Amino acid sequence: MDNPETQVNIENPNNKSNSLWISLKGQLKKFLSSHNIGDFIFERLTLLFAVLVFLLVILMGYEMYVGSKISIDKFGWSFLTNSVWDPVQEIYGALPIIYGTIVSSFLALVISVPLSIGIAIFLSEVSPDWLEKPLSFLVELLAGIPSVVYGLWGIFVLVPWIRTDVEPFLSEHLGFLPFFRGAPYGFGMLAAVLILAIMILPIVSSISRDILRSVPQSQREAALALGATRWQSTKIVLKDAKSGILGATMLGLGRAVGETMAVTMVIGNRAVISPSLFDPSYTMASVIANEFTEATSEMYLSALIQLALVLFVLTIIINAMAKLLVWSMERKLGTR
Amino acid sequence: MDIKISVKNLEAFYGKNKVLKNISIDIPRNKVVAIIGPSGCGKSTFLRCLNRMHEVVGGTITGSILVDGEDLTKTDPVLIRKRLGMVFQKPNPFPTMSIFNNVAAGLRFNGVRNKKILAPIVEKSLKQAALWDEVKDNLEDSGVNISGGQQQRLCIARTLAVDPEVILMDEPASALDPISTSKIEELIFELKKNYTIVIVTHNMQQAARVSDFTAFFYMGELIEYDKTTKIFTNPSNKKTEEYVTGRFG
Amino acid sequence: MNSSKFFHVKRKIISAVMMSLSLVATLIAVIPLVLIFYYTISKGITYLNIDFFVAMPKPVGESGGGMANAIVGTLMLIGIGGAIGIPVGVMSGTYLSEFGNNKFGATVRFLTDVLSGIPSIVVGVVAYTLVVVPMKHFSAFAGGIALGILMIPTITRTTEEMIKLVPHSIREAGLALGIPKWKTTILIVLKTAWKGIATGILLGLSRAAGETAPLLFTALGNRFWSTNVMQPMASLTVYIYDYAKSPFEDWNNQAWTAALVLIIMISMLSLLFRIITRSKFKTK
């Protein structure tokens, strides 16, 4: 059936009387002689799976919308602005949870992004080849550790250290600031921020490194040939890569916002808004992880699914922005 | 003859790979020296050694390179590159900078920030590069929104702005159209009044047109170095003759 | 002249300082890595014995026991995930590279990027509403679907990239022989690219093995031996989570051992991944 010539045999002279059949047959023949039937099936088959991926994303949004319908109908936009999350009273306002998500992710970025840019600069601009490979491998190992193992380490190593050393130190020296007040529990926003910062470090640094490498070598040479120092030429490269690095930061933000297990295990899980980093907090992902199996009422479950929907939309927006930023850099530099 | 650059027993390596073998050559002041040879003969590497840009791509050298008697291999590369500017094969303006800032970039690296000092230098450099009339009204436009030929002249202006003594050109016209190429060649003719120029080219007509002296490299060796007219009319080496008459390469 | 010399020294120093700072940043990143590995290995190894692999979990209060059910459970869950994620990923990746130079291809490419950025817990919620709710009970099948969805973007994108790496001349050689495109793609292009694709698949599987969030309310967990995909199933990651939160020291210690075993499992997958990529470059 693969070869167009074999298709000629299909022709059957006995059917000449039926003009409709002839015209259909003629069209089929024409189609088959210009298309290969195997190719036709192969393309449609792979297309089917591509469509499946397409539908999957839409289905995900749809499923969560349906699943959270009763909560959306009851609370509307107040779901996002109300600051009381009380399953007993069946009142669901996600503001403290959204606050916890934003603050923990933002502070993690504040710690992680400068470090990541430093790593990217070292790996792409400074390090000799023999050192670059093992170091890249180590940073990527960090990305391969499962989230729950970070959480385990967080509970038994990081949190006790924060409780006995970091928080007493901070409250003694910076206690005049509202961010460093309160009882040193260990479990709380500070622990979540630190663990998130470690967890997004590999992705932000490895993408930034790739971004810096994608800046054409001729840019560095142009700077160096003018008598620039290494740092001055690196500044030129960083300037070229600005939007790409911003894109890497956005990807890190997307990761931080959706990070679940490690955060759930160390953040203390309480839906309150407090300026102090010592206090427990909550993130969207950790609420879902923590309360989903306990959700006994339909409304409770619906509210949790709505939280997942908000998280879904938020990460799509963040990732789309990241993609656009990287694209805009590639267009400007004419790479790719 | 007044010698600007004197190279003695230069050997260059990439890793264990020897790409230049025992090169000794004297480059006279305010003349144009063309380096020709088939691709892979080491001519670009030689040019890069002259301002230590070979280090950027991981090369090492032995031997000595004297500029006005001072040994380059023992000086800070950052200072050397200010004195020996380089123009690359493909125009490489900084895409994030305006035309003005592109020209001023080298001065800024050296700490000159005052726009009152920068402006006249930028203007002079652009005039020297024969670009001023075309861009004087658009100095704040991006350095990449002009034609390829203009970009290359912008890169030349950028090199001139730091006031180098020598200009090294690595096939500066190979990515350009014929009209832009002839403009660059005219420019080289003008520039040699004030600068010593070393130009690598794969285009023999270009070498014949613009240079006073020509060096022929083959397989990492300097085969012949003489007045350009001699190289192209009556070379003493058989390999050179075969190359300039187009029998190989 | 003097001031320019001063400036030159200043910028040399700044350059050296900034470049050293970049080294410091890299070293700082290595510290948590070392710490996590140190604790996982030193704490995990104390409870590591044959029992851990062959015995079942003991009830509260009894010491000892193992996680045989969770090890098998994790393997089965990534098996189910792979059964879903691998065909979808490879086929859609093939589509993108062979026929995807159009608007629809660009859309799918964008959506796979979007999918890779969606938090795994959200995928878990979707698997819950899609499978657990209609079936009315938790099941390994639901967990496997969640893991499968999570694998799709990795496998799709590596398949696409790997097929695109196959030189066009190889493809043309096939087509010029009169071999139809589909046969050329399957017999020549995919055959050339399979090692790259396999590494993508292994990467997807090893990431899935470390997932916890999407299993919490799909496969749930199971204290008993079960290989029935329609029933709740144990997994190492959910055990680590439950045991880490528990107040019993015995369980806490076993969580470390489970973490060690999990990391060893994942490393073995990525070791396989490295062996495959290495031999790929040798043959070239």
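Domain bounds are those of an automatic or database domain assignment. On this basis, chain A of the predicted model is divided into domain 1 (4-72) and domain 2 (95-333), and the C-alpha centres of the two domains lie 46 Å apart. Residues are numbered from 1 along each chain as its sequence is written, and chains are lettered from A in the order in which they are written. In this predicted model, local features need pLDDT of at least 70 and side-chain atom pairs count only at pLDDT 80 or more, whereas totals for chains, interfaces and linings use all residues; side-chain values use heavy atoms, with hydrogens and water left out.

Contact (heavy atoms within 4.5 Å) links 11 residues of domain 1 of chain A with 9 residues of domain 2 of chain A. The two domains bury about 840 Å² between them, 76% of it on carbon and sulfur atoms; buried area is the accessible area (1.4 Å probe) lost by two parts on being put together, summed over both. Of the area that domain 1 of chain A buries against domain 2 of chain A, 56% is supplied by Met64(A), Ile70(A) and Ser71(A), more than by any other three residues.

Salt bridges (a side-chain nitrogen of Lys or Arg within 4 Å of a carboxyl oxygen of Asp or Glu) between domain 1 of chain A and domain 2 of chain A number 0.

Leu95(A) is placed in helix α5 (residues 95-126) of chain A, helices being DSSP runs (H or I, at least four residues) numbered from the N terminus. Residues touched by Leu95(A), not counting those up to four places away in sequence, include Phe79(A) and Ile273(A).

Methods: Helices (H or I, at least four residues) and strands (E, at least two) are DSSP runs, numbered from the N terminus.
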